[in-house]
2 protein chains.
Amino acid sequence: MKIAVLGTGMVGQALATRLHDLGHQVTLGTRDVGDTRQRLADSITADIPLATLSDAAATAEIVILAVQGGAALTTLAAAGPKQLATKIVIDITNPLDFTQGFPATLFVKDTDSLGEQIQAALPDARVVKTLNTLTADLMVNPRKVNDGQHTVFISGNDDEAKHVVATLLGSMGHMDVIDLGDITTARGTEMLMPLWMRLMGALDTTMFQFKVVR
Amino acid sequence: MKIAVLGTGMVGQALATRLHDLGHQVTLGTRDVGDTRQRLADSITADIPLATLSDAAATAEIVILAVQGGAALTTLAAAGPKQLATKIVIDITNPLDFTQGFPATLFVKDTDSLGEQIQAALPDARVVKTLNTLTADLMVNPRKVNDGQHTVFISGNDDEAKHVVATLLGSMGHMDVIDLGDITTARGTEMLMPLWMRLMGALDTTMFQFKVVR
């Protein structure tokens, strides 16, 4: 599939590389193509083209939003809501506010979520929240912990879009994908972040995951 | 040990019965002994005495707070902060607000927690937050799901109290107890509730648990 990954940080690079390796036609979208090309010269394969946010979104079937939570809505505005209309938008962001130090607090929670704000900003897109509950390395290499025996969650209003995303997650090695329900269920996974951050401290690693046993 | 369980709902009954069966000297504390005796006539063994909140707390070494989150602070005030001073207070409450329907929202979160509010109300007690992330049946019978292979968390400022509580959890069958850190880490486990409630809906059961794999 044609996939645009918006965001060229650690998470965006990891996802773009993995999806490229799986045979997808991946474009990395960035605010400043020249700057990003210099910064990533050594780390991203020459086979993954860079493009502006708008150009990357325009040509993709699936758009993955892989930026800091605080930049989520401005990034989508720069990509262009019209470019994103009807497309599947995979939202992997978390509403983390680091302005008061660590651990971060959440700038939206409980009665709203960043997933819902993104869906509201893109009413014609099919937003699916997922992969916001684990570290980048495990997003793309789930077998690195417990032989891949752990859980990822999906939230969204469109069942067909969730099916496409669950299949994509399966192709990356995720063996247990739980559909929580509509996009309001993103409140639940975003609010997992405070526990995730404390576990990172207690276990002194990011290489852990939640498995829902039942 | 002498243990007072404050609260006679499903959770309080389950914990009192299990701890009694393990050989502890358990008292159930309640606001109205006569009412509770009538209500529980068929469900609680005659071997577990009922007492007022204050009397139950006065004679106990460990006090378990097993009431609705909204009643946590008033229950402790009724038990008497002086009765609770220096004691281990196991807080298993969640700050759930059902006034807007289901799923509940949280009446404290993110920059504070009910665990912290309880510790602040009882500055001389040693508050340990735990068991607030799973259903009552699994609190006391962890082997009912995945042969007991799942995780519970503890938060608190006093290492010795946390050691006592972790040992108690182990005696009930909990095989993986993660010490998250001081009482502020209760924010993390309390904020797990929104995901827990959505999972209950998606899985159509309360008999599930989180296992932290690493």
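**A close look at chain A**

Tutor: Among contacts in chain A (heavy atoms within 4.5 Å) between residues at least 6 apart in sequence, 71% join residues at least 24 apart. This is a predicted model, in which local features need pLDDT of at least 70 and side-chain atom pairs count only at pLDDT 80 or more, while totals for chains, interfaces and linings use all residues. Residues are numbered from 1 along each chain as its sequence is written, chains are lettered from A and ligands numbered from 1 in the order in which they are written, and side-chain values use heavy atoms, with hydrogens and water left out.

The secondary structure of chain A comprises ten helices and eleven strands, where helices (H or I, at least four residues) and strands (E, at least two) are DSSP runs numbered from the N terminus. A compact globule of 214 residues would have a radius of gyration near 17 Å, and the 16 Å of chain A agrees with this; the radius is taken over C-alpha atoms, and the globule rule is 2.2 Å times the number of residues to the power 0.38. Along the principal axes, the C-alpha atoms of chain A fill a box of roughly 40 × 35 × 35 Å. Of the 214 residues in chain A, 55% are buried, where buried means under 20% relative accessible area, exposed over 50%, and partly exposed in between, with a 1.4 Å probe and protein chains only.

With that setting in mind, we can turn to the backbone itself. The peptide bond running from A:F102 to A:P103 is cis, with omega near -5°, and A:P103 sits in the loop between β6 (96-97) and β7 (105-106) of chain A.
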